[in-house]
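This report covers a surface patch, a sheet and a set of salt bridges. The sequence and structure are shown first.

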Amino acid sequence: MSGLEVRELECFLALAEELHFGRAGERLYVSQSRVSQLLAALEQRIGARLVERTSRRVRLTPLGERFHAELRPAYAELADVVGRARESARGVAGRIRIGFQGTADARLMEAITTFQKRHPGCVTEIVEVPFADPFGAVRQGDVDAAIVLLPVAEPELVLGPLFSRQQQTVAVSVRHPFASRTSLAAAELTDVPLISAAAPAPAYWREAQAPSAVPAPAVRTLQEGLTLVAADRGAMLLCRPTAEYHGRRDVVFVPVEGVPDSVLGLVWHRDGETERVRAFARAVAGAGAGAAGGEASAA
């Protein structure tokens, strides 16, 4: 099978049915000499003659007859497989799995609703992406695309539309000195232990979510982080909508000035880009624009 070309098989099948080099060439949109070249390459690969050609007629050898009988259904099955894959890649039907970090709030649901109205033949499934593994589900094919916190620097992932840009807040215990403040400057967080995500989240991503040189716990889930905040084991940066969604009596969320905004983006694997993914990306882009910077998910 080494080096086998599908075109050689197509040439043989056409020739076996037409029994004429010229007509086989016309059927394949190649010259008669090209048909001869492809047949010769296939016969050399097999190690025997498949076609006998005289000045008066073209016919299959006994080996050619057997080869044709076995090849034709196998080629038809292969063509069906390729066709189904093509339809799946180009069509917006079937199922699409969308991952999200933290909270599937109204704006993410708006994007999903828009997508489903446009493509009623495609069922949308929603899967929560672990806080400590923002890209794993996309890499492993557990979801077709995911809305995750930026930054994204994974070479195998495509970053699609940005879904929101929100001011950061810092979550602190009600017992923390910052709990009574109405706002903070970024410089005031320099000596504050900021709780970060644990591995397998990439180091650059963890540092972006918790830019602090002070040692602090690393957590796997957002709820773990908020529990540690409530216990005054550290603070945690969260976007404003996430802070509002996860409000609790023992944690205070204080706006922070001077730190980069929290930004979400839709990502998918380069090898997994289909028309379904592109259609969902268009729905996300529309929802993000309509939400005037609203948040789709958390952290």
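This is a predicted model: local features need pLDDT of at least 70, side-chain atom pairs count only at pLDDT 80 or more; totals for chains, interfaces and linings use all residues.

Val82 is found in helix H4, which spans residues 62-90. Together with Val6 and Leu78, Val82 makes a nonpolar surface patch of about 230 Å².

## The open sheet

An open sheet is formed by 5 strands in the order S4-S3-S5-S13-S6, with mixed pairing. The edges are strand S4 (122-129) and strand S6 (157-166); each has a single partner strand, so one side of each has no neighbour in the sheet. From one strand to the next, the twist averages 20°.

Strand S3 (residues 94-101) and strand S5 (residues 145-149) run parallel and are joined by 3 bridges. Phe100 has Ile147 in S5 as its bridge partner. Helix H5, residues 106-118, packs on the sheet and touches S3, S4, S5 and S6. The direction of H5 makes about 160° with that of S4.

## Salt bridges

The whole structure contains 18 salt bridges. One of them links Glu154 and Arg139, with the closest N and O atoms 2.1 Å apart. Glu154 lies in the loop between S5 and S6, whereas Arg139 belongs to helix H6 (residues 136-140), so this pair ties together parts that are 15 residues apart in sequence. Glu154 counts as buried at 11% relative accessibility, because buried means under 20%. Arg139, at 37%, counts as partly exposed.

The pair Glu275 and Arg278 also forms a salt bridge, with the closest N and O atoms 3.2 Å apart. Both residues are in helix H10 (residues 275-290); they are 3 residues apart, and therefore separated by about one helical turn. Glu275 is buried, with a relative accessible area of 18%, while Arg278 is partly exposed at 30%.

## A further pair and a network

Asp250 and Arg248 meet through their side chains in a salt bridge, at 2.7 Å from N to O. Asp250 counts as partly exposed at 28% relative accessibility. Arg248 is also partly exposed, with a relative accessible area of 30%.

Salt bridges also form a network, which links Glu17, Glu18, Arg23, Arg27 and Arg72.

How values were computed: Residues are numbered from 1 along each chain as its sequence is written. Side-chain values use heavy atoms; hydrogens and water are left out. Patches are made of residues with over 30% relative accessible area and no salt bridge: like charges are joined within 9 Å, nonpolar side chains (Val, Leu, Ile, Met, Phe, Trp, Tyr) within 5 Å. Accessible areas come from the Shrake-Rupley method with a 1.4 Å probe; for residues, only the protein chains shown count as cover. A salt bridge is a side-chain nitrogen of Lys or Arg within 4 Å of a carboxyl oxygen of Asp or Glu. Helices (H or I, at least four residues) and strands (E, at least two) are DSSP runs, numbered from the N terminus. Two strands pair if DSSP finds at least two bridges between them. Axes are lines fitted to C-alpha atoms, for helices over the stretch in contact, and angles run from 0 to 180 degrees between N-to-C directions. Contact means heavy atoms within 4.5 Å. Buried means under 20% relative accessible area, exposed over 50%, partly exposed in between (1.4 Å probe, protein chains only).
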